[in-house]
Amino acid sequence: MRIIDSEDGVSGIKVMIWLVILGAGFYVGVTYLSVQLDFQRMKDAMSSKASVAQVLKDEEIRNDLMGKAKELGLPLTGESFVVIRDEEKRMMTIKAAWDVEVHYFGGLCGDLCIQTYHFEPVAQEKIITK
């Protein structure tokens, strides 16, 4: 008990507690950032496909986006993507929606460590015709 009673021992324990808190915060931040980056990558892919809609068919767009979703490990299927081609306004709109459940710390603290994020990206681009 001599270590805990001394000021050096208490200082050491405080440092350890702060290191654990900082490590946990870093872990949560990196995990959350990876989920957000996957969302941005999918949204960018949707925008990219919408911008070249004049040369791709709707089914090709869906297949390409399903491939990207599979690459990112997102729970999306062909039916998850809504492709709207408006010839009058010369606009292509692509919508999708999905949920990602993240288990922080391996779910060790039960429901407190489980967070569900909902994403609904929309990509809208003008169709350029020659």
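**Figure 1. Surroundings of Tyr 104 in the predicted model.** Apart from residues within four places in sequence, Tyr 104 is in contact with Tyr 27, Val 28, Thr 31, Tyr 32, Cys 113, Gln 115 and Tyr 117. The model shown here and in the following views is predicted. Tyr 104 belongs to the loop between E3 and E4. Its relative accessibility is 8%, so Tyr 104 counts as buried. With one of the listed contacts, Tyr 117, the side chain of Tyr 104 also makes a polar contact of 2.7 Å. For Gln 115, the C-alpha to C-alpha distance to Tyr 104 is 7.8 Å, at a sequence separation of 11 residues.

**Figure 2. The disulfide between Cys 109 and Cys 113.** The structure holds 1 disulfide. Its S to S distance in the model is 1.4 Å. The torsion about the S-S bond of Cys 109 and Cys 113 is about 60°, so the disulfide is right-handed. The two cysteines fall into separate accessibility classes: Cys 109 is partly exposed because its relative accessibility is 38%, whereas Cys 113, at 3%, counts as buried. Cys 113 is also one of the residues in contact with Tyr 104, the subject of Figure 1.

**Figure 3. The aromatic cluster of Phe 39, Trp 98 and Phe 119.** The structure holds 5 aromatic pairs. In one of them, the ring centres of Phe 39 and Phe 119 are 5.0 Å apart and the planes meet at 20°; this angle is under 30 degrees, so the pair is stacked. This pair links distant parts of the chain, with Phe 39 in helix H2 (residues 7-51) and Phe 119 in strand E4 (residues 114-119), 80 residues apart. Phe 39 and Phe 119 are both buried. A further pair is formed by Trp 98 and Phe 119, with centres 5.6 Å apart and planes at 35°, so this pair is tilted. Here too distant parts of the chain are linked: Trp 98 lies in strand E3 (residues 98-103) and Phe 119 in E4, 21 residues apart. Trp 98 and Phe 119 are both buried.

**Figure 4. The largest nonpolar core, with Met 42 as one of its members.** The core has 28 residues, of which Met 42, Met 46, Ile 61, Leu 65, Leu 74, Met 92 and Trp 98 touch the most other members. Two or more residues come from each of H2, helix H3 (58-72), E2, E3 and E4. H2 gives the largest share, 6 residues. Not counting residues up to four places away in sequence, Met 42 touches Leu 65, Lys 68, Ala 69, Leu 72, Leu 74, Leu 76, Phe 81 and Trp 98.

**Figure 5. Asp 38 in helix H2.** With a relative accessible area of 19%, Asp 38 is buried, because the class covers values under 20%. Beyond its neighbours within four places in sequence, Asp 38 is in contact with Leu 72 and Leu 74. Both of these leucines are also touched by Met 42, and Leu 74 is among the core residues that touch the most other members.

**Figure 6. The antiparallel pairing of strands E1 and E2.** Strand E1 (residues 82-86) pairs with E2 over 5 bridges. Lys 95 in E2 is the bridge partner of Val 82. The hairpin has 4 residues between the strands, and Arg 90 takes a positive phi near 55°.

**Figure 7. Thr 93 in strand E2 (residues 91-95).** Thr 93 counts as buried because its relative accessibility is 10%. Its side chain makes a polar contact of 3.2 Å with the side chain of Gln 124. Setting aside neighbours within four places in sequence, the contacts of Thr 93 are Val 82, Val 83, Ile 84, Val 122, Ala 123 and Gln 124.

**Figure 8. Ile 94 in strand E2.** At 0% relative accessibility, Ile 94 counts as buried. Gly 107 is 13 residues from Ile 94 along the chain, and their C-alpha atoms are separated by 34 Å.

Methods
Residues numbered from 1 in each chain as written. Predicted model: local features only at pLDDT ≥ 70, side-chain atom pairs only at ≥ 80, totals over all residues. Heavy atoms only, no water. Buried < 20%, exposed > 50% of the residue type's maximum accessible area, 1.4 Å probe, protein only. Polar contact = N/O pair within 3.5 Å; in protein donor to acceptor, adjacent residues only side chain to side chain. Contact = heavy atoms within 4.5 Å. Phe/Tyr/Trp six-rings, centres within 6.5 Å; stacked < 30°, edge-to-face > 60°. Disulfide = S-S within 2.5 Å. Core = buried A, V, L, I, M, F, W, Y, C linked by side-chain atoms within 4.5 Å. Pairing = 2+ DSSP bridges.
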